[in-house]
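Hi,

Here is the structure I said I'd pass along.

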Amino acid sequence: MSRLTKKLPALCTDLPLENADICQKLNVFKQLLTSCFGPNGKLKQVHNNIGGHSVTTSTSQVLLQSVAPSHPLLKFIAASVLNHVCRFSDCGLFAAILCFALIDQAKLSGLRRNVSISINRYLLDICTAYLHHDGCGCKVKLDFSTSKNLITLARSVISSKPACMLTEQEALHISMLAVQAFLLTVPCDTPGNVSLGSTLTVSVEGPPIAQSAVFPGLMVEIPDHFKLCNKHNFQSHPTKMVLFSVSLSGDLFEMDEGTVEVYHGADIESQIVDQLLVLGQCVVKDRVKLFVCQKVIHPVLQQYLNQHDVVVMERLGAALVEPLAELTGSQPLATLVTTIPPEAYGLARGLNVKHFGSKRMLHLEAPGEAVISTMVLCHRNQTMLSELKVVVQKAEHVLRLTLREPSALLGGGCTETHLAAYIRYEGINKAAEATSSLGCSPTEYLLGAEAFARSLESVARALEHDGGTPMVDLTHGHHWTVPVDETQALETKPPPRCGCGVVRSSSVERWTFLSTKYAEFSPAALPGDCAASQPCVLDCFAAKMNALQIAVETANLLQDIRYIIQDGN
Amino acid sequence: MLSSGVLKHQQHVGLQKVSALAGLAHSSLGPCKSYKFIQEEGSREAALACSCVRLLQSLELSCAVGQLVSETVRTHHGAYGSGSACLLFMSGAWSRAALESLRRGIPAPRLVYAMSEGLDICLQACRKHSVPLDVVNTPPSPSLSTQAQARRPQHKGPGNIKLTHSRYFCEAPASPAQNHRDLGPAARALSHGGVRSMELVLQASLLQSATGAAGAEARCSALDIGRVVTCVVPGLSEDQACVLAGCVVRLPAEGAVVAQRMSGQPLRVALVTGDLCARYRHLGSKSPTGVSHVTDRLDRGGSGGEAQWTASVLTALLRLGVNLVLVSGATSGALSPQCLAHRVLLVDRVRLPALKAIAEATGAVPVTYASQLSERCVGTGVTLTPWRDLGDHQAVSISTLAGAGLATAVLTSCVPAKLRALEDEFWACAHRLHRALQDGALLPGAGVIEMVCVRDLQRHAQQHLTLPGEAGAAPGLYRDTVLMLMADALTDYVATVTANSGQCSKLHSWTAAGQEVKRLGAQGQMGLGGVSGEAAQGQMGLGGVSGEAAQGRVYDNLSVKVEAWRRAMDLVLLVLQTDAEVITGIDPEALRTETDLMLL
């Protein structure tokens, strides 16, 4: 009989956001994420308690996946941000920082919870409507006839993560590769429904970044002892191939439990090897020239196939099976068979070996138009390489999202400050209308609007980590950062360009510090001749819109939590 | 329930950690290295270590920075085989430079920018002052000749008088092969204190070019480290170390008798990768579980799987007429004596490169299982040559009739504990020479290139940039401070190497290095070409740095140094930009005491 233990009572926390302990945890979590934000963000080293592999990162995705907080409130925030990142890749930190800022500002404003929640929701609608509006002053239409803005968009994502350690030139090179890979996924001339291709990322440690490149087809790493016997008759015309996803190592079938009784003297292993050789004979008879297996192939079968001039590739890995099947039109065989159905065979073209540092890769191309391409990323060390891989995949996703909504938002904190200025201006204008529909007093509404605007501004402020002074101009509402000046001059002078690079300081007359009060103004849209001032930082429109919503909704929900009940058993 | 904790880094503790860890490298720098004892607390076992790679391997660094450091050193060592001490030292020195910059209030982004710029200046200096390998390999002669050759491309303009009659101005040897044949000067210049080891490497290279019939690769590089193996023999004095053609293995007494009989005859060979025993299965294969054997007879004739397997292997070997089986892993205990009885010699633990070279030279196909052996897997034309009787063992050299270009360095020492360090030193030398042949160029060593970098950094720091209006460039003062601090870090390197050579105190070395930089600066006004030429002649004021002043010339590997610096800088910049550590999988109950750690 098992011992009886006394059941622990459930732990109930009243008004969690006012609990000092929880607030401290929230604060640490906030600082952890806020300090990662932007191109000058601070990196975090993540490792486990027993000295496992350590990761250096500043991406919300990697950080939140590995941190996995245990407190329910933090868990909730982490889950909403991760869910957003999962769907949109970009703006995860933006969502988290805005969410924290909204909670902080609501507390500071002293508004009742339900009032603050409804005002936030109302202002979110105003923001969404404004951002979708054609006259929106912080939006740029993407023009697909030129790659300029696409490259800027990709570069903004790539250079926002300092752990990649790229120079400006290298960042540009990688951004162009991301755009190139994206363009390769768009089919050339398919009328009707278009399905996009996919890009695989392979990382190689060691060679310089400049060696990174995009190839149509697949690149598969091959071991040292790999033999290419009949290479010459492979390169030009399509070659028959077969793909196995089942292990051909000669293992017995998977036995979960129970035993198999074998009559003594019977040799199971040799019988399985015989079976494998029958398979080999079938493949050779069918003139297969490339034999690929996701898992291990028994050495005897490998030897047999090699002797018959079949190129053998084992241990392809699960991730590559589906792309290879798609590329070659073959059907992965998931059971050990002795006769292969003819429709399972596929065709591959161009069996070239390419060298990246000490690694050798086999380049497999599709017989027809390429739907799959591979990006080979090279970098000097593993830490930087793994971050680069995450960031490049993010950039590709962001580029893909532009097909859904061909616009981008100005980056560098300008969209946030611009929106804040807009909220303050619209707040006054719509005060009467809002108070009647929300059922709050004008004072409450103005307090709420100010809190919302300040929350947005604090996201822009989070871009600076090294003592620079954030400012805003009173014409366009763009974000400017005055760096710490080594000459210690008393007069703060804004830099020549704003955060996103569109507005020049010569075209602006007045600035103010970001946290100070300023007279409301309608932030002016950009001058029509945008060509003269290309934005140098752009953010993904779809990702930022969703992040904005996620942040407001998460913050609202957190404010709405009255009790946390934890089962201690 | 496990949770995660956040550890804020106060006062850039990460950089301080790197600096502390880099202290390991101090005594591993330069030609005079000191041995270190590593003792394990539990078993009281001790090992001698000389290189910082081995030191880091034996230190179990659990903190994140420690891991990053050892990971960086390990990957660098894996790729280049030398230069790890330089990497570690410079990451420490540059960490201190970064700490000092931060203390002076330089913001991190500016610092990152300025340090990257500083590294670029250093790398540019390396490219500019690298010396072609041909120049190094020409026998030492008055500096005129070397300089003339180094500058030869500039003299090729029209209307130049060719001084063909002077022996100092003669044309360089025409064929590159001839150039490469004499690697002596370059090898000596790269020995960095490991004179004996480098001598062995040279012998290996000579042996390879004499016997290397296999592959054009081997011939053009004159040293194919893929075809060099080492064999350590304890008990012999160190001066008996030598290089032999083929693959040298140590055979136990029983095997030696058979080997003795086989010596000189052409043998048939089979190659097995993995273990040669009944229970061995290839990688990725799971041995079946849950299989029970049933029988209707009581007497099974004692024929277990093992005995049956042994008999089948022996039959296969005899049927194919195999005399020699080379196995990369272990061999079954029962098989070996039975084979010997039939005059088949089994050699286990043969290094894979050796196996590969023998496969290429003999046409043998390596197999995983003995059951795979067939006529076409068997290679021919292998001979055994007994080398020495070592008491309980016999050292035998396995070579092929068709030259495989395979060479074995037999490393000996009366002190068994030293063997590993000797092996490390041999490989470091081999990698240095191999790299030099690949790069085709060398850097002036003995601290010269570092001092050139110091001079260039100082010069850049003093020359005030006229900045364009756009933001982004690291402006004046900050940049100058950082560059000067980086220069100090390099001076520290030179001073440490000098002090390690035991000729003067570190303080004195600092002064000497400073004076040398000044002298270089003055000389640089007249023309930079002189630096590398003079360095090549070892006429620099710090000739003593090397402890090899008598031999004159010391060089460093170009790509190794460049890569080590780059990796060191990457490490410093990564750590510099890190402000917190997240530790996952913490048991909240167990860590109540840790005050800095904030649980999430």
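Predicted model: local features only at pLDDT ≥ 70, side-chain atom pairs only at ≥ 80, totals over all residues.

E4(A) and strand E15 (residues 407–410) of chain A pair in the antiparallel sense over 3 bridges, where pairing takes at least two DSSP bridges between two strands.

Residues are numbered from 1 along each chain as its sequence is written, and chains are lettered from A and ligands numbered from 1 in the order in which they are written.

Back to the sheet. E15(A) also pairs with E19(A), antiparallel and again through 3 bridges, and there Ala408(A) stands opposite Cys540(A). Put together, that gives an open sheet of 3 strands in the order E4-E15-E19 (chain A), with antiparallel pairing. Its edge strands, each pairing on one side only, are E4 (139–141) and E19 (538–540) of chain A. From one strand to the next the twist averages 45°.

Two helices pack on this sheet. Helix H6 (residues 148–158) of chain A touches E4, E15 and E19 of chain A, and its direction makes about 80° with that of E19(A). Helix H15 (residues 541–560) of chain A touches E15 and E19 of chain A, at about 65° to E19(A). For those angles, axes are lines fitted to C-alpha atoms (for helices, over the stretch in contact), and values run from 0 to 180 degrees between N-to-C directions. Contact means that the C-beta atoms of two residues, placed from the backbone, lie within 7 Å.

**Domains of chain A**

The assignment for chain A gives domain 1 (11–138 + 410–566) and domain 2 (218–254 + 265–369); such bounds come from an automatic or database domain assignment. The C-alpha centres of the two lie 52 Å apart.

**Where A meets B**

The contact takes 59 residues from chain A and 56 residues from chain B. On the chain A side, E2(A) gives the largest share, 6 residues. E2(A) also pairs with strand E17 (residues 578–586) of chain B, in the parallel sense over 6 bridges, with Leu43(A) opposite Thr578(B).

**Chain B**

Chain B comes to 21 helices and 18 strands. Of its 600 residues, 49% count as buried, i.e. 20 or more other C-beta atoms lie within 10 Å of the residue's own, with C-beta atoms placed from the backbone (exposed is 12 or fewer, partly exposed in between).

One helix I'd point you to is H17 (residues 448–462) of chain B. It has 15 residues and reaches 21 Å from its first C-alpha to its last, close to the 21 Å expected at 1.5 Å a residue (1.5 Å times one less than the number of residues). Of those residues of H17(B), 12 of the 15 are buried, so the helix is largely enclosed by the rest of the structure. Among the buried ones are Glu450(B), Arg455(B) and Asp456(B).

Cheers

Conventions: Helix = DSSP H or I, 4+ residues; strand = E, 2+ residues; numbered from the N terminus.
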